[in-house]
Amino acid sequence: MKKEIIKQLIDELYINHTLSREKLLNVLENLDEENKQYLHTKANSVRLQHYDDRVYMRGLIEFTNYCKCDCIYCGIRLSNKEADRYRLSKEEIMHCCEVGYQLGYRTYVLQGGEDPYYTDDRVVDIVRSIKEKFKDVAVTLSIGEKSYASYKKYYDAGADRYLLRHETNSRALYERLHPNMSYDNRIQCLRDLKDIGFQVGAGFMVGLPNQTNADYVKDLLFLKELQPHMVGIGPFIPQSDTPLANENSGTVDKTCVLLSLVRLLLPEVLLPATTALGSLNSKGRELGLKSGANVVMPNLSPTNVREKYALYDGKICTGDEAAHCRKCIENRIEKSGYHVDMSRGDHVTRGM
Ligand code: SAH
C-alpha cells in the first residue's frame, strides 16, 4: 500500500516539521495525484495557522542588468552579447519607491546583476536615502555574493533583508551551472548574512537540466538546517540567448510540490509565489499560493526597462505599469481566497 505509506509520511512531516532523507525521497518519487492534493491541503493549513489568509506584497525594482557572473541559465549573464544593458540612477530608483509608496508598498526589493558600478558606497547611499525618506519601509537587497564586510555595511546602512538563492545544493550541478563561481562561497555568503542579522532568503530552481529528486532532497534538508526567513523557489525557464536555450522548463506541478514541502519543513517561512511560476502558466502564482506560498513580488521597475531584465523567456508583466500590476495581483489573490497585506510583512519572529 504505497499510497497509504506516502500519506503517512506527509502526516509525519505535518506533525514533526522534519523528515529523513529517505522518506523525503520516497514522497517525491511516489506522489500520486491524490496525495499531491493532500500535501497541498496540509501545507495550506500550516500557512493559515501562521499567517492567516494574508499575502504580503513586495515591490520589486530591477535596477541593473549588468552582471559579471556567467550563470549558464541566466539571460543577463556576462557572455550574453544580445542583452540590452541598463542601470537605473539613484534618482530613478527613488522614483520607483515613491510610486510604490503611493500604491501602498512598504517593502522594496532591489535586485540586480552583480554590477561593479554599484560600489559599496553607492549601495549604502541608496539604502540610506530610501530608509530616510520612507520611514516605515523594509529594504531587501538581492545583488549577489559580496564579502562579509560589504554585507555588514549594507546592514548598518539600514537594509533589513537579503535574498540570495543557493540555486541548488547539489555541488556537481552547481558547478556545471556556474562557471568560475564557488559553491562553498555561495553557502558561506548565506551564513554570513544570517550572522550579521539580516532576514535572509535562500532558494532554488526547479527543473534544471539533469536535476533529480535526490537533488531536491538536498535542497530541502539544507533549508531545514539553514533556517532562512524566506525561500524563493521558481521553475527554471530557458532563455534563448543562453547555453540552455533548448532545454525544457521546469513544471508548475513540481514547483508547487516543493513549495508545499518547504512550507511543512519551515512552517513560519516567507514563501513567494514567484514571477517565474506565473510566467509558465497564467494561474501559476495562484497555484503557488494554494500550495503554501504567502508572498508575491509585483514589479515596480520602470516599464521601459522591464523587458531588458530578461532572466528567462516569456516573463510576464513586462509591459504593465506598477499601478496595473498592483490591481491585477490583488484581484488574483482575492479570487484565490486570500487577502492582500500591504504591511512590511516581516518574518513572524522579527515583527517590529
Ligand atoms: N545577482 C543576484 C540576482 C540574480 S537574478 C543574485 O545572484 O542573487 C534572481 C534569480 O533569478 C536567481 O537567483 C535565479 O534563481 C533566477 N533565475 C535566473 N535565470 C533564470 C532562469 N533562466 N529561469 C528561472 N529562474 C532564473
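E62 and K315 form a salt bridge, with their closest N and O atoms 2.9 Å apart. A salt bridge here is a side-chain nitrogen of Lys or Arg within 4 Å of a carboxyl oxygen of Asp or Glu. E62 sits in strand β2 (residues 59-64) and K315 in the loop between α13 (303-306) and α14 (322-335), so the pair ties together parts 253 residues apart in sequence. Helices (H or I, at least four residues) and strands (E, at least two) are DSSP runs, numbered from the N terminus. Both E62 and K315 are buried. Buried means under 20% relative accessible area, exposed over 50%, and partly exposed in between (1.4 Å probe, protein chains only).

This is a predicted model: local features need pLDDT of at least 70, side-chain atom pairs count only at pLDDT 80 or more, and totals for chains, interfaces and linings use all residues. Residues are numbered from 1 along each chain as its sequence is written, and side-chain values use heavy atoms, leaving out hydrogens and water.

Next comes another pair. R87 forms a salt bridge with D115, the closest N and O atoms being 2.8 Å apart. R87 is partly exposed, at 33% relative accessible area. D115 is buried, at 3%. In total, the count is 26 salt bridges.

Now turn to the ligand. A polar side-chain atom of R165 lies 2.9 Å from an oxygen atom of the ligand. A backbone N or O atom of Y73 lies 2.9 Å from a ligand nitrogen atom. Polar contacts are pairs of N or O atoms within 3.5 Å; within protein, one must be able to donate a hydrogen and the other to accept it, and residues adjacent in sequence count only if both atoms are side-chain atoms.
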